[in-house]
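The sequence and the structure come first, and the description follows.

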Amino acid sequence: MQLVTHKKMKGGRLMPWGKGTVVTGAKGYVFLAGNTATTENYDPENAKGGAAGDAATQWRLILANIKADLEELGSSLDHLVKITQYVKGPFPNGGVLSSPNFRLDVMDEFFAEHCPKHCSYNNPPPSEVIGVAALAHPDLVVEIVAVAALPG
C-alpha cells in the first residue's frame with residue numbers, strides 16, 4: 001500500500017492541511033465515527049456525565065482515542081487519509097480559527113510524538129475545520145472524524 005499526501009501551498013508557504021491523499025494498494029478504509037472527549041460515566045440517554053476537561057484536554061483525549069481506534073481496527077495514524085474537525089464557538093473574530101476551542105498547537109504536539117509525518121509544519125493530511133454552535137453535550141468543544149487506509 002502507498003499513501004502520498006500532497007502538500008497545500010499558498011504564496012510559497014506550506015498550509016497546515018494537505019491538498020489531498022492518493023492511496024494505492026489499500027485493502028480497504030477505516031471510517032471512524034466522530035470522536036469526542038466524554039467522562040467515563042457519560043450516558044447520553046440518561047443525561048449523566050459530560051465532557052472531560054478544557055479544550056486542550058479534549059483534543060488530547062480525542063486524538064488518543066483516534067489512535068487507539070485505528071490500531072484496534074488494523075490501521076494507524078501513519079495511514080490517515082483525512083480528518084474533519086468540528087469546533088464549537090465562540091468565534092471572536094468571526095472565523096473558526098479564532099475560537100479558543102481550536103487547538104492546532106495540541107494537534108501538532110500529539111502528531112509530533114505519535115506520527116511526525118502528519119504535523120501541520122510537515123505534511124499534514126487533508127482536513128476541514130468546521131465551526132458549530134453545539135455538539136452532543138453542552139460541555140463538548142470539539143469532535144473529530146478520521147478516515148484511514150487499511151494496509152493490504
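Is Glu-71 buried, partly exposed or exposed? With a relative accessible area of 43%, Glu-71 is partly exposed, where buried means under 20% relative accessible area, exposed means over 50% and partly exposed lies in between, for a 1.4 Å probe and protein chains only.

## Basis of the description

The model is a predicted one, in which local features need pLDDT of at least 70 and side-chain atom pairs count only at pLDDT 80 or more, while totals for chains, interfaces and linings use all residues. Residues are numbered from 1 along each chain as its sequence is written, and side-chain values use heavy atoms, with hydrogens and water left out.

## Salt bridges

Side chains of opposite charge can pair when their charged atoms come close. Four salt bridges are found in a search of the whole structure, a salt bridge being a side-chain nitrogen of Lys or Arg within 4 Å of a carboxyl oxygen of Asp or Glu. One of them joins Glu-71 to Lys-67, with 2.9 Å between the closest N and O atoms. These two residues are four apart in helix 1, so about one helical turn separates Glu-71 from Lys-67; helices (H or I, at least four residues) and strands (E, at least two) are DSSP runs numbered from the N terminus. Lys-67, at 22% relative accessibility, is partly exposed.

Another salt bridge brings together the side chains of Arg-60 and Glu-109, at 3.4 Å from N to O. Because Arg-60 belongs to helix 1 (residues 55–72) and Glu-109 to helix 2 (residues 104–114), this pair ties together parts that are 49 residues apart in sequence. Arg-60 is partly exposed at a relative accessible area of 37%, and Glu-109 is partly exposed at 45%. A salt bridge also forms between the side chains of Glu-128 and Lys-82, at 2.9 Å from N to O. It links distant parts of the chain, with Glu-128 in strand 5 (residues 127–132) and Lys-82 in strand 4 (residues 80–88), 46 residues apart. Glu-128 has a relative accessible area of 27% and is partly exposed, as is Lys-82 at 34%.

## Buried residues and aromatic pairs

Helix 1 also holds Gln-58, which is buried with a relative accessible area of 1%. When residues up to four places away in sequence are not counted, Gln-58 touches Ala-37, Ala-51, Ala-52, Gly-53, Asp-139, Leu-140, Val-141 and Val-142, a contact meaning heavy atoms within 4.5 Å.

Three aromatic pairs are present in the structure; rings of Phe, Tyr and Trp (its six-membered ring) pair if their centres lie within 6.5 Å, and planes under 30 degrees apart count as stacked, over 60 as edge-to-face and the rest as tilted. Trp-59 and Phe-102 have ring centres 6.0 Å apart and planes at 85°, so their pair is edge-to-face. This pair links distant parts of the chain, since Trp-59 is in helix 1 and Phe-102 in the loop between strand 4 and helix 2, 43 residues apart. Trp-59 is buried at a relative accessible area of 0%, and Phe-102 counts as buried at 14%. The rings of Phe-110 and Phe-111, with centres 5.8 Å apart and planes at 80°, are likewise edge-to-face, and both Phe-110 and Phe-111 are buried.

Strand 1 (residues 2–10) pairs with strand 2 (residues 13–24) in the antiparallel sense over eight bridges, where two strands pair if DSSP finds at least two bridges between them. Thr-5 stands opposite Thr-21 in strand 2. The hairpin has two residues between the strands, and Gly-11 takes a positive phi near 55° there.

## Pocket and cavity

On a 1 Å grid over the protein atoms alone, a cavity is a set of points where a 1.4 Å probe fits but cannot get out, whereas a pocket is an open set with protein on both sides within 12 Å along at least five of seven lines; lining residues have an atom within 4 Å of a point. Grid points are joined across faces, edges and corners, and a volume is the space filled by probe spheres set on the points. The largest pocket has a volume of about 160 Å³, and its lining includes Trp-17, Leu-97, Phe-102 and Val-129. Strand 2, helix 2 and strand 5 each give at least two residues to this lining.

Helix 2 gives the most to the lining of the largest cavity, with four residues.
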